[in-house]
Amino acid sequence: MPRIYAISNQKGGVGKTTTAVNLASGLAMEDQSVLLIDLDPQGNGSSGVGHPKSQVSAGIADVLLGFRELREVLVTTDIDGMHLAPATRELVGLEVELVDADNREFRLRDALREQAQDYDYVIMDCPPSLGMLTVNALAAADGVIIPLQAEYYAMEGLSELLRATNQIRKGGLNRDLERSGILLTMVDRRN
């Protein structure tokens, strides 16, 4: 079974995508097999590894909607040992489509259980929100890594995310979810 990490913070611009892409790339360069999942509708993780959402015909949204299996949407990257489940334009409206869907919180978890055994690590780049895409990631993850911009107002967002992870655990969506760490980003040592 792979180790599965969600890179999450509902505040935008804190380095989630940079963290996800660099962590996935670094693990792959250490001879680990890695799956990077781009859950952010902006699709910067996908474009960061050579697959802009405008050039991808199928992606993780198709998996969450039940139209495709995970293995059908995977694309290779220029980094040996790393695959991508890319973002597509369909991620933008996905949360609305999942509102009345059965098993909506566990769609990603179920897809990974069935098809992620070939990987040592799964790294999920989450959107800057605590919506259904992030809930799916947290319900599927072993741990959450929280990029935190080294500035005062970032602390407000941190408390919200910590509260959400507690609710995920206590509410039974993922009782085993661990806080794997807080990663300080954009550090200005002069301050």
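Q: Which residue just after H8 takes a positive phi?
A: That's Gly172, with a phi of about 90 degrees. Before we go on, this is a predicted model, in which local features need pLDDT of at least 70 and side-chain atom pairs count only at pLDDT 80 or more, while totals for chains, interfaces and linings use all residues. Residues are numbered from 1 along each chain as its sequence is written, and side-chain values use heavy atoms, with hydrogens and water left out.

Q: Thanks. What do the H and E labels stand for?
A: They are DSSP runs numbered from the N terminus: helices (H or I, at least four residues) and strands (E, at least two).

Q: And how long is H8?
A: H8 covers residues 154-170, which is 17 residues. From first C-alpha to last it reaches 25 Å, close to the 24 Å expected at 1.5 Å a residue; that expected span is 1.5 Å times one less than the number of residues.

Q: Which residues of H8 are buried?
A: Ala154, Gly157, Leu158, Leu161, Ala164, Thr165 and Ile168. Buried means under 20% relative accessible area, exposed means over 50%, and partly exposed is in between, using a 1.4 Å probe and protein chains only.

Q: Where do they sit around the axis of H8?
A: They are on the same side of H8, because they cover an arc of only 125 degrees. The arc is taken from the directions that run from the helix axis to the C-beta atoms. An α-helix has 3.6 residues a turn, so residues three or four places apart point the same way.

Q: What do the buried residues of H8 pack against, and what's on the face turned away?
A: They pack against helix H7 (132-140), E6 and E7, with contact meaning heavy atoms within 4.5 Å. The face turned away from the buried side carries the exposed residues Gln167 and Lys170.

Q: Let's switch to the sheet. What is the strand order?
A: It's an open sheet of seven strands, ordered E3-E4-E2-E5-E1-E6-E7, with mixed pairing. The edges are E3 (75-76) and E7 (178-185), each of which pairs on one side only. Two strands count as paired if DSSP finds at least two bridges between them.

Q: How does E6 join E7?
A: Through seven bridges, with E6 (residues 143-149) and E7 running parallel. Ile145 stands opposite Gly181 in E7.

Q: What about E1, what are its links?
A: E1 runs parallel to E5, with five bridges, and parallel to E6, with three. Tyr5 has a bridge partner towards each: Ile123 in E5 and Gly143 in E6. Four of the five residues of E1 are buried, so E1 is largely enclosed by the rest of the structure.

Q: Which way do the residues of E2 point?
A: Val34, Leu36 and Asp38 point one way, Leu35 and Ile37 the other, and all are buried. In a regular strand the side chains alternate between the two faces of the sheet.

Q: Which strands does H1 lie across?
A: H1 (residues 16-29) lies across E1 (3-7), E2 (34-38), E4 (82-85), E5 (121-125), E6 and E7, and runs at about 165 degrees to E5. Axes are lines fitted to C-alpha atoms, for helices over the stretch in contact, and angles run from 0 to 180 degrees between N-to-C directions.

Q: Last one: where is Ala87, and what is it in contact with?
A: Ala87 lies in the loop between E4 and helix H5 (94-97). Its contacts, leaving aside neighbours within four places in sequence, are Asp38, Asp40, Gly43, Ser46, Lys53 and Val56. Ala87 and Leu39 are 48 residues apart in sequence and 6.2 Å apart in space, C-alpha to C-alpha.
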